Amino acid sequence: MNKKMIAVLGCSALAASMFSMTAMAEELTTVGYAQVGHESDWRTANTQNYQDVFSNENGYELSFVDCDNDHQAQLEAVRNFINQELDYIIIAPIQSAGWDTVLQEAQDAGIPVIIADREIEADASMYDAWVGTAPKDEGVTAGNWLAEYLDGAEANILVIEGSVGASAALGRSEGFNQVAEEHEEWTILDSQSGDFTQAGGQEVMESYIKSYEGQFNVVVCQNDNEAYGAMDAMDAAGITYGVDGDVVLISYDATHDGLQYTLDGKINCDVECNPIQAEIVKGVIEQMEAGEEYPETTLVEDEAFVAPGIESEYATTMTQEILDGRAY
Ligand code: AHR
């Protein structure tokens, strides 16, 4: 295993006066993180979490690459980590397909790989551990909550999906559609990608308003930033949403601002996807380092939140206290 040695020079007042210096050698574990990009508040919180946890003070040297939602750039980042012979590689995969070759290269180089945040299509034997959330379950939660809330009423639904090919988008669609299939009174009018961005959410919603104005009563945005964009588009068109509006608005992530809108009654239901995952990944690496048994898969638990005035079997009703406790 390649360890990077750095020399930390310590010099006490007494030692300095005696012209002697003490050199302490500190061994850092080198870790590469191939991050998806910076498309959302969720992603910013996830990046900050990794930078805080994999710090020099904690014994790590983190090579962080923002892959800007470009799959080829992400493959190149992983190959660079392999060439640098880092101790561990963490990948938050932009898309779920297309990983076999580079994972084989990491395996051949003997570098453990941890897949984080999202899922990939490769066989589990191609990587060492997975830590992430369950987007299909999140989609099912959103669907179950909607069914409970509408209680048999008709739903004409517009979906703004996340990035094409991302497991977070595929899973949320699959879970939600599974519930939708059980409701013949629901129609999904359209489902298009907003790239998990505010600008993308706004653009898709503006085009939906042109095509479907007056025909929809539910909008599902697959993350908070898309929801902010969709809200801007509906505000501009004079369409009301949220608990007192004509349109039921569902979002995912439950970041601080998303929960603020939920507390304000603008988002009806926000299904959580927890970005604080680095400490768990670090725990897995520590177990690997110590040669101990480590969990091959770790699911980061999520919950869902609904606006005040809504009681749900599937979600917690928002309060100021919950918001005050949300750091990201
Ligand atoms: O993979 C998690 C998703 O990616 C989050 O829902 C979204 O905000 C992000 O960019």
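Predicted model: local features only at pLDDT ≥ 70, side-chain atom pairs only at ≥ 80, totals over all residues.
Residues are numbered from 1 along each chain as its sequence is written, and side-chain values use heavy atoms, with hydrogens and water left out.

The ligand sits in the largest cavity. A cavity is a set of points, on a 1 Å grid over the protein atoms alone, where a 1.4 Å probe fits but cannot get out; a molecule sits in it if more than half of its atoms lie within 2 Å of its grid points. Around the ligand are E39, S40, W42, R43, D117, R118, A168, R172, F196, N223 and D253, each with a heavy atom within 4 Å of it. This shell comprises six charged, three nonpolar and two polar residues (charged: Asp, Glu, Lys and Arg; nonpolar: Ala, Val, Leu, Ile, Met, Phe, Trp, Tyr, Cys and Pro; polar: the others, Gly among them). At least two shell residues come from each of α2 (41-53) and α6 (167-180); helices (H or I, at least four residues) and strands (E, at least two) are DSSP runs, numbered from the N terminus.

Polar contacts are pairs of N or O atoms within 3.5 Å. An N or O atom in the side chain of E39 is 2.3 Å from an oxygen atom of the ligand. For D253, a polar side-chain atom lies 2.5 Å from a ligand oxygen atom, and for R43 the corresponding value is 2.9 Å. Of the 280 Å² of accessible area that the ligand has on its own, the protein covers 100% (Shrake-Rupley method, 1.4 Å probe).

D253 belongs to strand β10 (residues 248-253) and has a positive phi of about 115°, although it is not a glycine. A positive phi, near 50°, is also found in D68, a residue of the loop between β3 (60-66) and α3 (71-83).

The largest pocket holds about 150 Å³ of space. A pocket is an open set of grid points with protein on both sides within 12 Å along at least five of seven lines, and lining residues have an atom within 4 Å of a point; grid points are joined across faces, edges and corners, and the volume is the space filled by probe spheres set on them. The lining consists of A134, D137, E138, T141, V271, L299, V300, E301, D302, E303 and A304. Five of these residues are nonpolar, five charged and one polar. Helix α5 (residues 135-150) contributes the most to this lining, with three residues.

Technical notes. Polar contact = N/O pair within 3.5 Å; in protein donor to acceptor, adjacent residues only side chain to side chain.
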